[in-house]
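Work through the exercises below with the sequence and the model open. Each task is followed by its solution.

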Amino acid sequence: MSKWFASLQADFEQTFIAADRWKSLIKGLGVTLEITLLALLIGVMLGVLVAVIRSSYDQMAAQKKSNGLLSVLNGLCKLYLTVIRGTPVMVQLLIMYFVILANSTNTVLTAVLTFGINTGAYVAEIVRSGIMSIDAGQMEAGRSLGLNYVQTMWHIIIPQAVKNILPALGNEFIALLKETSIVNVIGMKDITKWAINVQGRTYQAFMPFIGIALVYLVMVIILSKLVNLLERRLRSSER
Amino acid sequence: MSADILIKVENLEKVFTGKTTVRALDGVSAEICRGEVVVVIGPSGSGKSTFLRCLNLLEMPTAGSVVFEGTDITDPAVDINLHRQKMGMVFQHFNLFPHMTILENMTLAPMKLLKKSKADAEAQAKALLERVGLADRANAYPSQLSGGQKQRVAIVRSLCMDPEVMLFDEPTSALDPEMVGEVLDVMKELAREGMTMVVVTHEMGFAREVGDRVLFMADGKLLEEGTPEEIFGHPQNARLQDFLAKVL
Ligand SMILES: Nc1ncnc2c1ncn2[C@@H]1O[C@H](COP(=O)(O)OP(=O)(O)OP(=O)(O)O)[C@@H](O)[C@H]1O
Ligand SMILES: [Mg+2]
């Protein structure tokens, strides 16, 4: 028993302490978080934009009106959703790296764009369902005051929609964080790459891989708690 | 009654096409004069709400024109948002913004559209809340108010834009009976101050007491119009006589 424990301790030291590996782990953590947060930002902006275009088109279609520009935009949005949700994010990352941004050496940009565009497609459908869940009277009240469509969306519909979809957005955020673990295929040194490197150097697999699994797990738990907290705070403001 | 026409509606027609085709408005022409209180009555499904909602183009008429302050607002080239600023609307279900306080509900549009400063907008909102006896609820959220309070807020929210006309669609129909009075009182006071009002309602007492003119609609048509005395005292149209026999 004590022998087992001693070997575990040796493994731990070799994995995390030797050659200051904990420092590169923290650097890797920085990479993971950087990609996740920037991609989330792009994803949310893109998602809201696509959701607003899609819902305004739906609303116009319901009123049997037509607008050429909006129809084209709506078509583009649908194409975007189909392509992005119909292909693996790993493949999207490879295409972005080797084809679209083949001339760029900025892997952060490549990763952030890929994951941002990918997340945007999922956020768009979540936000759209949130917009549809808001009573039509809210839009009518905003418009009857003289606010235009975008102003009403922005100040009245979207804040309420976001409140309703916060749990779904939180899940999307968590999925994004975990999905960034594939960025090592384009040579980025995130925490997953760190574990692969340590395993290659030390021939220890248990410590580095279980170690980063725990790091991901802790981040996800913290995120879930934050989302819950935010949700409760938003709800309490209303009631 | 002044002859200063604020809204002139001509041959208004609204056809809803869906699974079934509904001719909700079938050639309605009417005039609303400045300072006048016009009450619209009629059986359910007769097109009263559709008529009202066509006045500020929440519903786009399929034919006919709505001339507001001399401009045909059904013209696609017209910026309807500018005209809607001057046409307040009060809904049956209040439609307050639940994520904003009462004060925020009232100051959003004046700040965004009339470019009022926050201080100005809030001062105006508080003065209006004071008038409807809700000054102490300025920082409450809509869900913390009773139905009657919500509707009074909805009315003053529209008033914050200094509208030329107020449109009411059954403002008391969703209220518990004991709260109807407080909302009608606010509306009566507005009328006394000379606000132009178009009111769709089932409150015949209000129509009689406050209305300058009553429009009776059935099957998407304006079948009779006149002063409350004429409409309630000497109804001509058989449908109107029938309707009044049922509701009075
Ligand atoms: N968005 C819509 N789509 C299809 N039909 C509609 C729509 N809105 C109204 N209608 C139909 O148009 C007709 C007139 O409706 P409207 O709501 O104007 O009547 P109303 O006089 O206000 O009735 P109520 O007293 O019940 O409110 C009805 O037959 C209704 O079913
Ligand atoms: Mg109605």
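Contact here means heavy atoms within 4.5 Å. The model is predicted: local features need pLDDT of at least 70, side-chain atom pairs count only at pLDDT 80 or more, and totals for chains, interfaces and linings use all residues. Residues are numbered from 1 along each chain as its sequence is written, chains are lettered from A and ligands numbered from 1 in the order in which they are written, and side-chain values use heavy atoms, with hydrogens and water left out.

**Exercise 1.** Find how many residues the contact takes from chain B and from chain A.

Solution. Chain B gives 26 residues and chain A gives 22 residues. Next, the area: the two chains bury about 2,100 Å² between them, 57% of it on carbon and sulfur atoms. Buried area is the accessible area (1.4 Å probe) that two parts lose on being put together, summed over both. On the chain B side, Asn81(B), Phe97(B) and His99(B) lose the most, together 24% of what that side buries.

**Exercise 2.** Which residue forms a salt bridge with Arg53(B)?

Solution. Apply the criterion: a side-chain nitrogen of Lys or Arg within 4 Å of a carboxyl oxygen of Asp or Glu. Glu140(A) is the partner, with the closest N and O atoms 2.8 Å apart. The count between chain B and chain A is 1 salt bridge.

**Exercise 3.** Locate polar atoms that face oxygen atoms of ligand 1.

Solution. Start with Ser44(B): a polar side-chain atom lies 2.6 Å from a ligand oxygen. Then take Gly47(B), where a polar backbone atom is 3.0 Å from an oxygen of ligand 1.

Terms used
A polar contact is a pair of N or O atoms within 3.5 Å; within protein, one must be able to donate a hydrogen and the other to accept it, and residues adjacent in sequence count only if both atoms are side-chain atoms.
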